[in-house]
Amino acid sequence: MKDAVKTHYTCPELGAKIRQGLEKAGKNPEQIRLRDLAPVDQLHTGGAPATLELVRQAGLDKGMTILDAGCGIGGTSRLLAQNFDLVVHGIDLSKDFIETASMLNQWCGFAKDGTINLKQGSLPALPYRDNFFDAVLCQHVLLNIKDKPKVFAEFSRVLAPRGKLILHEIVDGPGPEPLFPVPWAGNAAASMLCSRQDLGEYAKKAGFELVFSEDKTKSAALWWEKVNAIKKAGGTGPLNPSLVFGENAGRFGANMEKNFKEQAVLCVENIWVKSNFS
Ligand SMILES: C[S@@+](CC[C@H](N)C(=O)[O-])C[C@H]1O[C@@H](n2cnc3c(N)ncnc32)[C@H](O)[C@@H]1O
């Protein structure tokens, strides 16, 4: 299972591909702004606006330390550092993604000043000490992990008392089986969806108290509808998800719009507070 996930996120020379894409789009990779990377570095439904809205909802203070759990190529980590003045730690299973994230951080001016710290690793065994983080943000990652109770236990361990767990996730819906490929899996082997109720149970068992919960499936469907309309109008430039996911990416839009519209999958947001501590 883990091999299928690793294979899905194996992408050698991704930094070089993104550099070429930027150059083709007329951008100088050494002088880019975060929004220049948005077509390729936001590997979740809703893109940067969804992240900004959810993190604002969590009400974090400047200077807080946050874990971007399953950080991909670092799009969210950079947003957190730039827009919220947070100290960010990003961890991801994919060696290629961590290397690419590090390169993009340099291009965007996040020098090695400790604002964004990256590690390769796996969420069920987090390499951080107890109570280290004020918040954990996890976007579209549990959908690739079977042992979710272990991940919730790890989130609880590394969060400080009253620390916030912010989750933006895709879960099983009441509709038909999902269509593949999708951004998190080329086929069913790498997809490990659970139900929305399961997430609640895992969080409760790990000592979390729910403070916010929203079903974002309708807006997720609309977001993919817009992505597809832009693509139809020929608006997808040289910087796009096919650099990361190859030719599968060409089928993500139609599949995801249908998956959300038919409720094969749901998009949910939850914020919990670590409340069980002594
Ligand atoms: C759909 S992408 C989302 C990336 C990022 N959160 C974002 O929204 O841009 C899923 C990410 O989860 C990572 N991932 C999958 N299983 C993981 C694990 N066990 N531990 C850490 N990261 C994992 C993948 O490598 C990939 O970067």
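The crossing of helix 7 and helix 8 is right-handed, a crossing being right-handed if the near helix is turned clockwise from the far one by less than a right angle, and left-handed if anticlockwise. This is a predicted model, in which local features need pLDDT of at least 70 and side-chain atom pairs count only at pLDDT 80 or more, while totals for chains, interfaces and linings use all residues. Residues are numbered from 1 along each chain as its sequence is written.

Helix 7 (residues 148-158) and helix 8 (residues 196-205) have axes that come within 9 Å and cross at roughly 45°; helices (H or I, at least four residues) and strands (E, at least two) are DSSP runs numbered from the N terminus, and axes are lines fitted to C-alpha atoms, for helices over the stretch in contact, with angles running from 0 to 180 degrees between N-to-C directions. Helix 7 and helix 8 are therefore oblique to each other, since angles under 35 degrees count as roughly parallel, over 145 as roughly antiparallel, 65 to 115 as roughly perpendicular and the rest as oblique. Lys148, Pro149 and Phe152 of helix 7 make the contact with Tyr202, Ala203 and Lys205 of helix 8, where contact requires C-beta atoms, placed from the backbone, to lie within 7 Å.

Leu14, Gly15 and Ile18 in helix 2 meet Asp96, Glu99, Thr100 and Met103 in helix 6.

The sheet is open and has seven strands in the order 3-2-1-4-5-7-6, with mixed pairing; two strands pair if DSSP finds at least two bridges between them. Its edge strands, each pairing on one side only, are strand 3 (116-120) and strand 6 (208-215), and the twist averages 15° from one strand to the next. Strand 1 (residues 65-69) and strand 2 (residues 87-92) run parallel and are joined by five bridges. Helix 4 (residues 47-58) packs on the sheet, where it touches strand 4 (133-139), strand 5 (159-172), strand 6 and strand 7 (265-274), and its direction makes about 145° with that of strand 5.

Around the ligand there are 23 residues, of which Leu43, His44, Gly70, Gly72 and Leu93 come nearest; a residue is near a molecule if its C-beta atom, placed from the backbone, lies within 6 Å of it.

Conventions
Two residues are in contact if their C-beta atoms, placed from the backbone, lie within 7 Å.
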